[in-house]
Amino acid sequence: AQKVTQAQTEISVVEKEDVTLDCVYETRDTTYYLFWYKQPPSGELVFLIRRNSFDEQNEISGRYSWNFQKSTSSFNFTITASQVVDSAVYFCALSESPMDSSYKLIFGSGTRLLVRP
Amino acid sequence: ETGVTQSPTHLIKTRGQQVTLRCSSQSGHNTVSWYQQALGQGPQFIFQYYREEENGRGNFPPRFSGLQFPNYSSELNVNALELDDSALYLCASSPRGHSGNTIYFGEGSWLTVV
């Protein structure tokens, strides 16, 4: 069965600190996709990144970076120089790899990030 | 702005009633999925629709049903509402057939069952 674990329920940091959100996943599939979403108080899930299981290259997008390690089944997310606007709930999600992109996401329980001024 | 719109944004229903939630997918997106997010939890997959047919279902009872229309918009219907059905219901859309695509969510419908 597929499962996503986000062990950190809530993290509080002071603005400009770096913060890493952990994500550990379980799957028997050899081909799968991993996602990160941000959920502000409005409720909408904002897409941050999608990574397939064959691409272990780390990715950086501005202040955001992701570390994918198949050996430890982890897909961690780091925010560098955090800002108050980064405060939100962050979800990691896993999907089998359908050829037709019909993703069915399995979400973790989320990590609430609070960035204090 | 994802282009996925949901209505209504908030509603209150009484236990035992029925509710219909609506979703308009992003232009060109022919696959619609519905998720339930209880307070303090991650979203859970309810079901997915493609070409007006159900294409996969999560662990939800039959009183959760859906429809997809020729313009790809969708409805989620819940019968015999229970208190535990109180949650944020999220609609997501994605195109099909391209490996580079992803899935985009609307802002959700907040349902309270009293």
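Helices (H or I, at least four residues) and strands (E, at least two) are taken here as DSSP runs, numbered from the N terminus. The model is predicted, so local features need pLDDT of at least 70 and side-chain atom pairs count only at pLDDT 80 or more, whereas totals for chains, interfaces and linings use all residues. Residues are numbered from 1 along each chain as its sequence is written, chains are lettered from A and ligands numbered from 1 in the order in which they are written, and side-chain values use heavy atoms, with hydrogens and water left out.

B:His29 sits in the loop between S3 and strand S4 (31-37) of chain B. With a relative accessibility of 6%, B:His29 counts as buried, a class that means under 20% relative accessible area, with exposed meaning over 50% and partly exposed lying in between (1.4 Å probe, protein chains only). The side chain of B:His29 is in polar contact with the side chain of B:Ser93, at 2.8 Å. A polar contact is a pair of N or O atoms within 3.5 Å; within protein, one must be able to donate a hydrogen and the other to accept it, and residues adjacent in sequence count only if both atoms are side-chain atoms. Leaving aside residues up to four places away in sequence, B:His29 touches B:Tyr72, B:Ser93, B:Ser94, B:Pro95 and B:Tyr104, where contact means heavy atoms within 4.5 Å.

One of these neighbours, B:Tyr104, leads on to the aromatic residues. Ring pairs link B:Tyr104 into a cluster with A:Phe35, A:Tyr37, A:Phe47, A:Phe91, A:Phe107, B:Tyr35, B:Phe45 and B:Phe105. Rings of Phe, Tyr and Trp (its six-membered ring) pair if their centres lie within 6.5 Å; planes under 30 degrees apart count as stacked, over 60 as edge-to-face and the rest as tilted. Over all chains, 20 aromatic pairs are counted. In one of them, the ring centres of A:Tyr37 and A:Phe47 are 5.9 Å apart and the planes stand at 65°, so this pair is edge-to-face. The pair links distant parts of the chain, with A:Tyr37 in strand S5 (residues 32-39) of chain A and A:Phe47 in strand S6 (residues 46-52) of chain A, 10 residues apart. A:Tyr37 is buried, with a relative accessible area of 0%, while A:Phe47 is partly exposed at 25% relative accessibility.

The interface comes next. The contact between the chains takes 21 residues from chain A and 29 residues from chain B. About 1900 Å² is buried between chain A and chain B, and carbon and sulfur atoms give 52% of this area; buried area is the accessible area (1.4 Å probe) that two parts lose on being put together, summed over both. Across the interface, 3 residue pairs are in polar contact (both at pLDDT 80 or more). On the side of chain A that touches chain B, S5 and S6 of chain A each supply at least two residues, and S5(A) gives the most, with 4 residues. The count of salt bridges between chain A and chain B is 0.

Over all chains, however, the count comes to 7 salt bridges, a salt bridge being a side-chain nitrogen of Lys or Arg within 4 Å of a carboxyl oxygen of Asp or Glu. In chain B, the side chains of B:Arg22 and B:Glu75 form one (3.5 Å, N to O). This pair links distant parts of the chain, from B:Arg22 in strand S3 to B:Glu75 in strand S8 (residues 74-78), 53 residues apart. B:Arg22 is partly exposed at 42%, and B:Glu75 is buried at 15% relative accessibility. In chain A, A:Arg51 and A:Asp55 meet through their side chains in a salt bridge (3.5 Å, N to O). A:Arg51 is buried, at 3%, whereas A:Asp55 is partly exposed, at 28% relative accessibility.

Finally, the structure holds 2 disulfides over all chains, a disulfide being a pair of cysteine sulfur atoms within 2.5 Å. A:Cys23 is joined to A:Cys92, S to S 2.0 Å, and both cysteines are buried. In chain B, the sulfur atoms of B:Cys23 and B:Cys91 lie 1.8 Å apart in a disulfide. This second link is left-handed, with -65° about the S-S bond. B:Cys23 lies in strand S3 (residues 19-24) and B:Cys91 in strand S9 (residues 87-94) of chain B, 68 residues apart.
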